[in-house]
Amino acid sequence: DTDRALVLLEEYCKKLRKPEEQQLKKAIRKVMGIFKSSLFQALLGSFIKKATRHGNISHPSLPVAVAYDVLGYPKD
């Protein structure tokens, strides 16, 4: 779910207020822009279709997994 990943990243960005955190905030906003792009959505859709067809992934939440990894959330 790209939307869920965007929500997680936006919540994290809101917590970044210190001057030394602004570079990280800028980088996260760039990632968010990529997640919102039509090119990313098309590539993700193609990847999920191929991977699911070949049994390589069991859950199509790649953007959420990336967001969790960036934010340092524990994996389930």
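This is a predicted model: local features need pLDDT of at least 70, side-chain atom pairs count only at pLDDT 80 or more; totals for chains, interfaces and linings use all residues.
Of the 76 residues in the protein I am showing this morning, 25% are buried, where buried means under 20% relative accessible area, exposed means over 50%, and partly exposed covers what lies in between, with a 1.4 Å probe and protein chains only. Residues are numbered from 1 along each chain as its sequence is written, and side-chain values use heavy atoms, with hydrogens and water left out.

Let me begin with the overall layout. The protein has four helices and zero strands, and read along the sequence it follows the pattern α-α-α-α; helices here are DSSP runs of H or I with at least four residues, strands are runs of E with at least two, and both are numbered from the N terminus. Among the contacts in the protein with a separation of 6 or more, 54% are between residues 24 or more positions apart, a contact being heavy atoms within 4.5 Å.

Two packed helices are described by the angle between their axes and the distance between the axes. For helix α1, residues 2-15, and helix α2, the angle is about 165° and the axes are 10 Å apart, the axes being lines fitted to C-alpha atoms over the stretch in contact, with angles running from 0 to 180 degrees between N-to-C directions. That makes α1 roughly antiparallel to α2, since angles over 145 degrees count as roughly antiparallel, under 35 as roughly parallel, 65 to 115 as roughly perpendicular and the rest as oblique. The crossing of the two helices is left-handed, that is, the near helix is turned anticlockwise from the far one by less than a right angle.

Which residues make this contact? From α1 they are T2, A5, L6, L9, E10, Y12 and C13, and from α2 they are L24, K25, I28, R29, V31, M32, F35 and K36. They divide into ten nonpolar, one polar and four charged, where Ala, Val, Leu, Ile, Met, Phe, Trp, Tyr, Cys and Pro count as nonpolar, Asp, Glu, Lys and Arg as charged, and the others, Gly among them, as polar.

The structure holds one salt bridge, defined as a side-chain nitrogen of Lys or Arg within 4 Å of a carboxyl oxygen of Asp or Glu. The side chains of E10 and R29 form this bridge, at 3.1 Å from N to O, and the pair links distant parts of the chain, with E10 in helix α1 and R29 in helix α2, 19 residues apart. E10 counts as partly exposed at 25% relative accessibility, and R29 is likewise partly exposed, at 37%.

Turning to the loop between α1 and α2, we find L16 there, and L16 is buried because its relative accessible area is 4%. Leaving aside residues up to four places away in sequence, L16 touches E21, Q22, L24, K25 and I28.

G33 and L6 are 27 residues apart in sequence and 9.2 Å apart in space, C-alpha to C-alpha.
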